[in-house]
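Hi,

Here is the structure I said I would pass on. Have a look at it first, then read on for what turned up.

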Amino acid sequence: MKLTFGDKIRNLREDLDLNQTKLAKKVNMTQRKISYIECNKCEPSIDDIIAFAKFFKVSADYLLGIDINIKK
């Protein structure tokens with residue numbers, strides 16, 4: 001099963017033992033927005049994606065589920 005953006009954020013957050021409120025403060029969002037993103041009730045903005053990628057030290061491609069296989 002392919003993980004959604006929200007699933008990835010939840011997993012990364014839980015790996016760091018953060019609750020939604022603590023993550024929200026770290027990435028300058030509200031707890032409600034984190035909840036909506038994790039439940040896939042809203043899509044993150046480009047700024048949100050950048051904030052998550054920087055905070056979790058992962059690529060935006062990973063968060064968005066982009067897998068580029070270059071074939072020659």
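Predicted model: local features only at pLDDT ≥ 70, side-chain atom pairs only at ≥ 80, totals over all residues.

Ile46 is exposed, because its relative accessible area is 64% and the cut-off for exposed is over 50%. You'll find Ile46 in helix α4.

Now for how helix α4 sits against helix α1. Two packed helices are described by the angle between their axes and by the distance between those axes. Here, α1 covers residues 5-15 and α4 covers residues 46-56, and their axes come within 11 Å and cross at roughly 30°. That angle makes α1 roughly parallel to α4, because angles under 35 degrees count as roughly parallel. The crossing of α1 past α4 is left-handed.

Which residues in α1 meet α4? On the α1 side they are Phe5, Ile9, Leu12 and Arg13, and on the α4 side their partners are Ile49, Phe52 and Phe56. Sorted by type, the residues of this contact are 6 nonpolar, no polar and 1 charged.

Arg13 lies in helix α1, and it counts as buried because its relative accessibility is 8%, under the 20% cut-off. Which residues does Arg13 touch, not counting residues up to four places away in sequence? They are Leu18, Asn19, Gln20, Leu23, Glu38 and Phe56.

Side chains of opposite charge can pair when their charged atoms come close. How many salt bridges does the count come to? The count comes to 4 salt bridges, and here are some of them:

- Arg13 and Glu38 meet through their side chains, 2.6 Å from N to O. Arg13 is in helix α1 and Glu38 in helix α3, so this pair ties together parts that are 25 residues apart in sequence.
- Arg10 also forms a salt bridge with Glu38, and here the closest N and O atoms are 3.7 Å apart. This pair links distant parts of the chain, with Arg10 in helix α1 and Glu38 in helix α3 (residues 31-38), 28 residues apart.
- Asp7 and Arg10 pair up too, at 3.5 Å from N to O. Both lie in helix α1, 3 residues apart, which is about one turn of the helix.

Put together, salt bridges that share partners join Asp7, Arg10, Arg13 and Glu38 into one network.

Arg10 is partly exposed, because its value of 24% lies between the 20% and 50% cut-offs.

Last, a couple of spots in the loops where the backbone does something to look out for. Most residues other than glycine have a negative phi. Asn28, though, has a positive phi of about 60° and is not a glycine. Where is Asn28? It lies in the loop between α2 (20-26) and α3, and it counts as exposed, with 73% relative accessibility.

Lys57 is another residue other than glycine with a positive phi, near 60°. You'll find Lys57 in the loop between α4 and α5 (60-64). At 74% relative accessibility, Lys57 counts as exposed.

If you open the structure today, I'd begin with Glu38, then follow its salt bridges to Arg13 and Arg10, and go on from Arg10 to Asp7. After that, turn to where α1 passes α4.

Cheers

Note on methods: Residues numbered from 1 in each chain as written. Heavy atoms only, no water. Axes fitted to C-alpha atoms, helices over the stretch in contact; angles between N-to-C directions. Helix = DSSP H or I, 4+ residues; strand = E, 2+ residues; numbered from the N terminus. Parallel < 35°, antiparallel > 145°, perpendicular 65-115°, else oblique. Left-handed = near helix turned anticlockwise from the far one by under 90°. Contact = heavy atoms within 4.5 Å. Nonpolar A, V, L, I, M, F, W, Y, C, P; charged D, E, K, R; others polar. Buried < 20%, exposed > 50% of the residue type's maximum accessible area, 1.4 Å probe, protein only.
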